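Student: Pick one part of this model and take a close look at it for me. Then show me how other parts of the chain are held against each other.

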Amino acid sequence: MIRKSIIMLILFIISSSAVFAQDIGEYFDIEGLREQGYDWECKQSNISESSGHIRLFQGYWLMNFLHWRPLTKEIENINPAYVRHQLLNFWGPNMAYFKLNGLEGDLMINGHRAYFVDGTYFNIVETRFIIWNCPETGRQFTADLNINTAMNTPIVLHEIQQLITNTISCHGEPHLSGNIIFPSLYNSEELGVSFYKPENWRTNIYNSEEWFPEGPQENNATLWTLLTDSEKYVELIWKETEEELSMEMAEEFIKDIKGQRPVKDDSTKIVDMIFENPEKQDNEIVFEGRMTYGTYRERLKSESEEFLLKGKIWRYNGKVYLLLASIVNRNSMWNQPVDLRPSPSRIEQFFHKEIMPFIKVRLNQK
């Protein structure tokens, strides 16, 4: 009799869980999110009848380098064979693991004949080298374009790098103007280089003591252009309550989430949280802030990533919801200082145009 009761109890729990484990599509317009051009990965879906927590993640990796070196007699005759050799040797011994995939050809960059060759690194990184000479400035240029396909980085981000390369001015004034896709101009009179790129891509000087012991020069330097929003999180947390909306309630939400062990397939957890500039608007509270994500294996905060966020707390159908939309805030890469802080306008766009319209559990949903 006891055994039968236990079996019935287990069946009841299983059937109840099936009812409570609602699809995240009840909370997010998944197709709408994907229509923004990039997919989202559900890292956590912990849903019950009265509360829940959904975590979405988007992370991509690209490296866009522009190298130039003095144009000498030894290297002035460029052709596909030379470009293949450069792709396999430019970065040293590790380049030996690259495999050429047979795709190569020629194109024009700022009036110069250029040659390109494609390669793959361990089926992880897709690379294209584009090389041309600029006799006007006595320099040889190498556009070094990379995406990590193992991180599901969309191929379109590789194509965008190709389009950025087409806008490079290696001599004279910028020979093209910006457009809706590439509104941001990088222009260095000191280095004699300019090109257009998307607003959320940031260009920094690549500092290498090995390559540039005296620092970057007009005829010998490297730039790298990276995403300012390469990692993004969305946290939607809710519970059934009659409490009045307040930032204290938001802090309680986060306290509960921080106390949870990470789920098995995602060791990421919120390590720290700071709310800033709360403002009550009608029946909701909007705020800004920053948060730190760590992992179960990496407990030290110094090893964690900081994210800048925009958030909102509101009531809907007897439940209070907390939304956090955050973008990674990096100031270093490969142990080099870089400025990859997402701009305030990028955070606003992310929150108001890319996330909020696709939240289903609000009165003014799309």
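Tutor: Start at Cys-42. Its bridge partner is Leu-56, in strand 2. The model is predicted, so local features need pLDDT of at least 70 and side-chain atom pairs 80 or more, while totals for chains, interfaces and linings use all residues. Residues count from 1 along each chain as its sequence is written, and side-chain values use heavy atoms, without hydrogens or water.

Now widen the view to the two strands. Strand 1 covers residues 41-47 and strand 2 covers residues 51-59. They run antiparallel and share six bridges (pairing takes at least two DSSP bridges). Three residues sit between the two strands, and together the strands form a hairpin.

How do their relative accessibilities compare with the cut-offs for buried and partly exposed? Buried means under 20% relative accessible area, exposed over 50%, and partly exposed in between, with a 1.4 Å probe and protein chains only. Glu-41 counts as partly exposed because its relative accessibility is 40%. Lys-43 comes to 18%, so Lys-43 counts as buried.

Other salt bridges reach across the sequence. Arg-346 pairs with Asp-229, and their closest N and O atoms are 2.7 Å apart. Arg-346 belongs to helix 6 (residues 344-355), whereas Asp-229 is in the loop between strand 11 (221-227) and strand 12 (231-240), so this pair ties together parts 117 residues apart in sequence. Both Arg-346 and Asp-229 are buried.

Glu-284 and Lys-312 make another salt bridge, with 3.1 Å between the closest N and O atoms. Glu-284 is in strand 14 (residues 284-295) and Lys-312 is in strand 15 (residues 305-316), so distant parts of the chain, 28 residues apart, are linked by this pair. Lys-312 is at 9% relative accessibility and therefore counts as buried. Salt bridges can also share partners: Glu-31, Arg-34 and Asp-39 are joined into one network that way. The count of salt bridges comes to 18.

His-158 shows a helix residue packed against other parts. His-158 lies in helix 4, residues 156-166. With 11% relative accessible area, His-158 is buried. What does His-158 contact once its neighbours within four places in sequence are set aside? The partners are Glu-126, Thr-127, Arg-128, Leu-145, Asn-146 and Ile-147 (contact is heavy atoms within 4.5 Å). Asn-146 is 12 residues away along the chain, and its C-alpha atom lies 6.7 Å from that of His-158.

Now the whole chain. DSSP runs (helices H or I, at least four residues; strands E, at least two; numbered from the N terminus) give six helices and 18 strands. The protein chain has 366 residues, and 50% of them are buried. Take the contacts with a separation of 6 or more: 60% are between residues 24 or more positions apart. The Arg-346 and Asp-229 pair, 117 residues apart, and the Glu-284 and Lys-312 pair, 28 residues apart, both have such spacing.

Key:
A salt bridge is a side-chain nitrogen of Lys or Arg within 4 Å of a carboxyl oxygen of Asp or Glu.
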